[in-house]
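My notes are below as numbered points, so please read them beside the model.

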Amino acid sequence: MTQSNNRHDLEDLTDDEALFEELEREEDADLSMLRERRIKDIQDELERRQAMEENKHGLYTEITNEKEFMDITTSEKYVVGHFYHDDFRRCKIMDTHLEKLARQYYNTRFIKINVMNAPFLVEKLQVRVLPCVMAWLDGFAQIKVVGFDELGGTDSFSTGMLELKLTNAGVIRKKNQDTQQTKRSIFQNEGGGDDDDSDFD
């Protein structure tokens with residue numbers, strides 16, 4: 001009976017060892033699959049970033065003609081555009097904030113255009129006060145920030161204030177953030193209608 005119990009214990013021990021070995025092999029296979037999937041995800045992300053970098057994502061770039069500006073706002077998913085003039089000090093202040101955000105929000109294209117090179121857009125989008133920052137989502141205008149009034153009315157506003165406005169408009173997003181935005185025409189203001197009010201009246 002003792003030999004029978006010992007043999008039975010040995011068989012149980014052998015079965016347990018075999019079970020542990022099988023579990024370890026399964027874990028190794030699972031870990032290997034996870035590792036391969038993660039490597040593929042990283043490679044895909046690097047390829048996506050490289051393609052975006054080739055399209056000037058992560059940079060704050062100047063566009064010199066209206067057609068290119070319109071092409072970018074209609075072909076890119078997220079675009080922030082600054083209408084500026086070289087002689088306006090506040091436009092240079094806005095540039096510093098947009099440069100910071102461009103480096104931080106890689107999925108959004110940040111561009112600027114001199115109003116002297118964009119008479120059609122200035123008229124159509126009713127750019128009357130500078131600096132003027134507009135943002136587009138899938139080619140539709142989401143927000144228009146005119147001057148610094150909405151940013152605290154001071155030259156020393158924080159980048160975070162502008163960042164919050166653009167985030168709320170859905171044009172700068174953290175990775176995997178998924179929000180729905182109301183689509184509007186490129187030629188409509190934030191309220192949804194054409195704004196005939198002029199600051200020059």
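**Notes on the fold and its backbone**

1. Let me start with a helix pair: α3 crosses α5 in a right-handed sense, meaning that the near helix is turned clockwise from the far one by less than a right angle. The residues in this contact (heavy atoms within 4.5 Å) are M94, H97, L98, K100, L101 and Q104 on α3, and T159, L162, E163 and L166 on α5. Sorted by class, they are five nonpolar, three polar and two charged residues. Here Ala, Val, Leu, Ile, Met, Phe, Trp, Tyr, Cys and Pro count as nonpolar, Asp, Glu, Lys and Arg as charged, and the others, Gly among them, as polar.

2. A word on provenance: this is a predicted model, with local features needing pLDDT of at least 70 and side-chain atom pairs counting only at pLDDT 80 or more, while totals for chains, interfaces and linings use all residues. Residues are numbered from 1 along each chain as its sequence is written, and side-chain values use heavy atoms, with hydrogens and water left out.

3. Now the geometry of that pair. The axes of α3 (residues 89-104) and α5 (residues 159-168) cross at roughly 60° and come within 10 Å; they are lines fitted to C-alpha atoms over the stretch in contact, with angles running from 0 to 180 degrees between N-to-C directions.

4. For the whole protein, I count five helices and five strands, taken as DSSP runs (H or I, at least four residues, for helices; E, at least two, for strands) numbered from the N terminus. Their order along the sequence is α-β-α-β-α-β-α-β-β-α. Of contacts between residues at least 6 apart in sequence, 72% join residues at least 24 apart.

5. On burial, 36% of the 201 residues are buried (under 20% relative accessible area; exposed is over 50% and partly exposed in between, with a 1.4 Å probe and protein chains only).

6. Please check the loop between α4 (119-124) and β4 (132-137), where P131 sits. The peptide bond joining L130 and P131 is cis, with omega about -5°. Q126 belongs to this loop too, and its phi is near 55°, a positive value in a residue other than glycine. Q126 is buried, at 16% relative accessible area.

7. What is phi of D138, in the loop between β4 and β5 (140-146)? The value is near 55°, again positive in a residue other than glycine. D138 is partly exposed, with a relative accessible area of 32%.
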